[in-house]
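This report walks through one protein model, beginning with a single residue and then widening the view to sheets, helices and a pocket. Please keep the sequence and the 3D view open while reading.

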Amino acid sequence: MKKSIFKVIFVAILALGTVAPIATLATHYSSLQVEKSVNLEAAILQTIDSDSMFNNIKFLSKSPRVAGTEQEDAAVAYIKKSFESYGYKTEVQAFTFTDYTAPHTIKLSIDSFTKSLDPQALEYSISGQVSGEIVTAGLGKVEELQYLDLTGKIALLERGEISFNDKMSNVIAKGAVGAIFYNNVPGTVMGSLGEVNKAFVPAVLLTEAEGDELVKHINNNPSTHASITIKGSKSQKNISHNVIATKMPTSNQKQVTTSSKIDKDIIVISAHHDSVAGAPGANDNASGAAMTLELSRVMKNIPSETEIRFITFGAEEFGLLGSTHYVENLTEDEISRIAANFNLDMVGSKDAGELILQTADGKHNLVTQQAQAASTKLNGEPTPVNQGDRSDHVPFANVGIPSALFIHNPAEPWYHKPEDKIDKISKEKLQDVAEIVSIALWNQIRIDHQVK
C-alpha cells in the first residue's frame, strides 16, 4: 500500500466540491450533475467505512467456514441478511460438490527395503489395504503397459506427461490392485487424482529421491512385494452456496441522451466467503467478503445504467467451485454483457505485503486499467500487475470476461493457519483497497463515461 500526500490532497479537493450526500445526488442525474460527477466521487470515498468492514470480518471469522458445513451456512445467512439490510434483492445459489476427507493413516511397507519412506496420499485416494508384487510401469502410458500383466500387482509409476488420473485408469485396466507414484522433480507435490471414482485402487505418492531408490531396489530385487494401507479417506456429496445481490440500473437514466449506447452493462464485484479447515479465515477471506458487503452498501444509491452484481462465492478453497458454478450457469447473453469482474481475496492483513493486481494471463485488461488509474489518483502511483490464477477471477477470464484479483503479496505468515484471526486485520489496508476499487468502479459506471 503506497500511502502518500496524493490521497490527502485528492480527497480534500473532492470534499470542497461536494454539494450533496449520496442519497440526494442519486435521486435525479441531470446533465448538470453529469458535469459534477466529482461530487459523487467524493461522497463515495467519504462513505467507505473501515470500521464496518472490520466488524463484519470479526463476525464472519468467529470460526472456520469450510464449504458445506453449518459454519458456512451461518456465514451465508449473515451475508444475505446484510445485503438485504442495504435494500438489495438477494439470491442464494446452491450447488453440489464432492467433499473429500484426507486419510489419517498412510502406510507403505516394502520387502527388504531399508531406506525410510514418507508416503503421501493423493487427493481422492481411497481407503483400503492391498499387497502384491511391485512392477515398474514407467509413466503409465497405454503403449508402455501394452505387454505388462499387472493382475494382482502394484504399479510403480513416475509422474509426468499424463495426469495421475490417466495413469491410475491405465494400470487399473491392466489389473493393478494398487499404485505407487513418485515425483519427477525434487521436492514435494500436492498430487490429485482429479475426481471421485469407486474404481480407483489404493495409491500413495513418493518424492523423486524416494522413487529413484525404489526403482533401483526393484531392478536389483525382482518380484519384490509391497503392502499399501490407507485409512480414513472418504468422499461425499455436499452443498455450498453463492450469495448474489444485484443493483439494477437506475431508472430512466437512458433519457440522459438519445445517443447513449451501453453494450457491456454488467459489472461483477466478488469474493469467496469460505475458509480452510482449522483457520478462522479473517483475512482469507472474510476480508474480501466484508469488502464486497461494504462496496454494495456504498454503491446502493449511486446512479448508473450499469447493473452491478455483488457476489460471495462458496467452496473457493476446494478449487474455485462456487465461481465456476456461477459462470457455467450464466447465459451467453449475460457473458456477452459482463464488462468486468473485480475479485477481492485476502485484502486486509496487516502483515502481508503490498497490494497487487493479478490477471489469469498476466496481461492488462479493463479492470487493471481502471484500478491503476484509481490507485494513481489516490496514492500517486499505479498498483502493480502480474500473473495469478488461484482465485475466483479465473472462471470469468476463462470465458473472455476481463477480470483481476486484488490481493496483497507476499501473503502473511499465517496464511491458511489458525492464527488468521481478527487481530491480524489492518483497517488502513481495508480502506485503501476499498477506495481503489470503488473509484475504479465509479469511473467505469458513471453516466458521463457511458454516454457516447
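Val268 is found in strand 9, which covers residues 266-272; helices (H or I, at least four residues) and strands (E, at least two) are DSSP runs, numbered from the N terminus. With a relative accessible area of 0%, Val268 is buried, where buried means under 20% relative accessible area, exposed over 50%, and partly exposed in between (1.4 Å probe, protein chains only). Leaving aside its neighbours within four places in sequence, Val268 is in contact with Arg309, Ile311, Ile338, Ala340, Asn341, Phe342 and Phe396, contact meaning heavy atoms within 4.5 Å. Val268 and Glu307 lie 39 residues apart in sequence, and their C-alpha atoms are 8.6 Å apart in space.

The model is a predicted one, in which local features need pLDDT of at least 70 and side-chain atom pairs count only at pLDDT 80 or more, while totals for chains, interfaces and linings use all residues. Residues are numbered from 1 along each chain as its sequence is written, and side-chain values use heavy atoms, with hydrogens and water left out.

## The protein as a whole

The secondary structure of the protein comes to 16 helices and 14 strands, and buried residues make up 53% of its 452 residues. Among contacts between residues at least 6 apart in sequence, 82% join residues at least 24 apart.

An open sheet of eight strands has the order 1-8-10-9-11-14-12-13, with mixed pairing; two strands pair if DSSP finds at least two bridges between them. Strand 1 (89-101) and strand 13 (385-387) stand at the edges, and because each has a single partner strand, one side of each is left without a neighbour in the sheet. From one strand to the next, the twist averages 25°; axes are lines fitted to C-alpha atoms, for helices over the stretch in contact, and angles run from 0 to 180 degrees between N-to-C directions.

Gln93 is found in strand 1. Is Gln93 buried or exposed? Gln93 counts as buried, because its relative accessibility is 13%. Leaving aside its neighbours within four places in sequence, Gln93 is in contact with several residues, among them Ser240, His241, Tyr326 and Asn329. Helix 6 (residues 70-85) lies across strand 1, strand 8 (234-247) and strand 10 (307-313), and it runs at about 10° to strand 8.

## The sheet of six strands

A second open sheet, of six strands, has the order 2-7-3-4-5-6, again with mixed pairing. Its edge strands are strand 2 (105-110) and strand 6, each of which pairs on one side only. Neighbouring strands of this sheet are turned by 30° against each other on average, direction ignored. Helix 8 (residues 164-173) packs on the sheet and touches strand 4, strand 5 (178-182) and strand 6, its direction making about 150° with that of strand 4. Helix 9 (residues 208-220) also packs on the sheet, where it touches strand 2, strand 3, strand 4, strand 5 and strand 6, and its direction makes about 125° with that of strand 5.

| Strand pair | Bridges | Direction |
|---|---|---|
| Strand 3 (residues 128-136) and strand 7 (residues 225-231) | Six bridges | Antiparallel |
| Strand 3 and strand 4 (residues 154-158) | Three bridges | Parallel |
| Strand 12 (residues 354-359) and strand 13 | Three bridges | Parallel |

## The largest pocket

The largest pocket has a volume of about 1300 Å³. On a 1 Å grid over the protein atoms alone, a pocket is an open set of points where a 1.4 Å probe fits, with protein on both sides within 12 Å along at least five of seven lines, and lining residues have an atom within 4 Å of a point. Grid points are joined across faces, edges and corners, and a volume is the space filled by probe spheres set on the points. Of the 46 residues that line this pocket, the closest to its centre are Met190, Glu317, Arg390, Tyr415 and His416. The largest share of the lining, four residues, comes from strand 14.
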